[in-house]
Amino acid sequence: MMRKTGKRLICFILAVCTMLTFALTATAAETKSSANDIVGTISICTRMSGFPSMGHTWVYIENTSNHSYQLGLYELPPKQGVSLGTFCFTRSDGFGLYYNIEAHCGNKYGLSSTAYCTRNITASDVSKISNKLMQSNFWDPLVFNCVGFAASIWNMATGDTIVPLVFPAFAQAQILSKNGSHKGTFTMYYPPADRVYKHVGVGANARLKVASAGSLDSQVG
């Protein structure tokens with residue numbers, strides 16, 4: 001009788017261990033993506049203001065997966081999005097890369113008349129974008145202004161080339177020539193002010209600094 005009870009106990013323990021192993025394996029599969037899995041979308045956007053040379057171009061990435069992933073210094077939760085753009089004099093925290101300025105200010109002040117185009121991105125694309133962002137905390141008027149930055153991210157992720165011709169008006173014309181492009185109100189996740197950041201520093205010293213109120217006091221473009 002004792003032997004039978006012992007065998008039953010061992011069988012029960014083995015069954016429980018098998019079930020736990022299966023559950024943990026299934027959970028891991030749900031929280032990780034292979035390189036070619038589609039995990040989000042990227043949009044390149046331009047909004048004009050005033051003279052034809054004025055405006056702003058940026059990219060917006062939405063996480064459509066069930067797990068968070070890293071984009072530069074920013075951890076993007078599932079079912080949320082982050083806007084990425086470079087600025088110069090128009091934001092009070094200085095030249096360089098910002099996270100969520102466009103998403104926050106766009107929701108606050110409006111994003112009508114925005115030209116945009118959207119494509120799917122894979123886990124491999126996300127990794128490339130993340131690495132590129134760590135090298136993108138600068139701005140210059142000719143090669144790497146807002147258009148140059150947005151085009152570099154879009155081109156790398158999609159292979160659907162936007163030529164960075166300095167002015168947002170040129171970016172808008174190219175965006176609207178692509179399949180699936182639109183012009184109208186562009187919808188983005190609305191991040192709170194404490195989730196809007198300026199990328200500060202480089203390399204091991206790089207960090208995110210919450211953007212000041214002065215950087216959030218005007219519309220996009």
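Axes are lines fitted to C-alpha atoms, for helices over the stretch in contact, and angles run from 0 to 180 degrees between N-to-C directions. Helices (H or I, at least four residues) and strands (E, at least two) are DSSP runs, numbered from the N terminus.

**Entry 1: ground rules and confidence.** I note that this is a predicted model, in which local features need pLDDT of at least 70 and side-chain atom pairs count only at pLDDT 80 or more, while totals for chains, interfaces and linings use all residues. Residues are numbered from 1 along each chain as its sequence is written, and side-chain values use heavy atoms, with hydrogens and water left out. I looked up pLDDT, the predictor's confidence in each residue, from 0 to 100, and found a mean of 87 for the protein chain, with 84% of its residues at 70 or more. Residues 1-7 have pLDDT below 50 and, beyond near neighbours in sequence, zero contacts in the model. Residues 9-31 are also below 50, and this stretch has three such contacts. Where pLDDT is low, the predicted coordinates should not be read in detail.

**Entry 2: overall make-up.** I recorded five helices and 10 strands for the protein chain. Of its 221 residues, 42% count as buried, where buried means under 20% relative accessible area, exposed over 50% and partly exposed in between (1.4 Å probe, protein chains only). Among contacts between residues at least 6 apart in sequence, 65% join residues at least 24 apart.

**Entry 3: the sheet.** I counted two strands as paired if DSSP finds at least two bridges between them. The strands form an open sheet of eight, in the order β8-β7-β1-β2-β5-β6-β9-β10, with antiparallel pairing. The edges are β8 (182-184) and β10 (207-210), each with a single partner strand, so one side of each lacks a neighbour in the sheet. From one strand to the next the twist averages 30°.

I then followed β5 (81-87), where seven of seven residues are buried. G81, S83, G85 and F87 lie on one side, with V82, L84 and T86 on the other, so that both faces are covered.

K198 has K209 as its partner, and V200 stands opposite R207. The two strands form a hairpin with six residues between them, and G201 in the turn has a positive phi of about 80°.

**Entry 4: helices on the sheet.** Helix α2 (101-109) touches β2 (55-63), β5 and β6 (96-99), with its direction at about 105° to that of β5. Helix α5 (168-176) lies across β1 (38-48), β2, β7 (114-122) and β8, running at about 130° to β1.

**Entry 5: the cores.** I took a nonpolar core to be a set of buried Ala, Val, Leu, Ile, Met, Phe, Trp, Tyr and Cys residues joined through side-chain atoms within 4.5 Å. The largest has 30 residues, and I42, I61, L71, I129, L133 and F149 have the most contacts inside it. Helix α4 (146-158) gives the most to this core, with six residues. A second, separate core of 16 residues includes F87, C105, F186 and V196. Beyond four places in sequence, F149 touches V59, L84, G85, T86, L97, L133, S136 and F144.

**Entry 6: two residues in detail.** Is H104 buried or exposed? H104, in helix α2, is buried, with a relative accessible area of 8%. I list polar contacts as pairs of N or O atoms within 3.5 Å; within protein, one must be able to donate a hydrogen and the other to accept it, and residues adjacent in sequence count only if both atoms are side-chain atoms. The side chain of H104 reaches the backbone oxygen of P191 at 2.9 Å.

N137 sits in the loop between α3 (123-133) and α4 and is buried at 19% relative accessible area. Its side chain reaches the backbone nitrogen of L97 at 3.1 Å, and a polar contact of 3.0 Å joins the side chains of N137 and K198.

How values were computed: Contact means heavy atoms within 4.5 Å.
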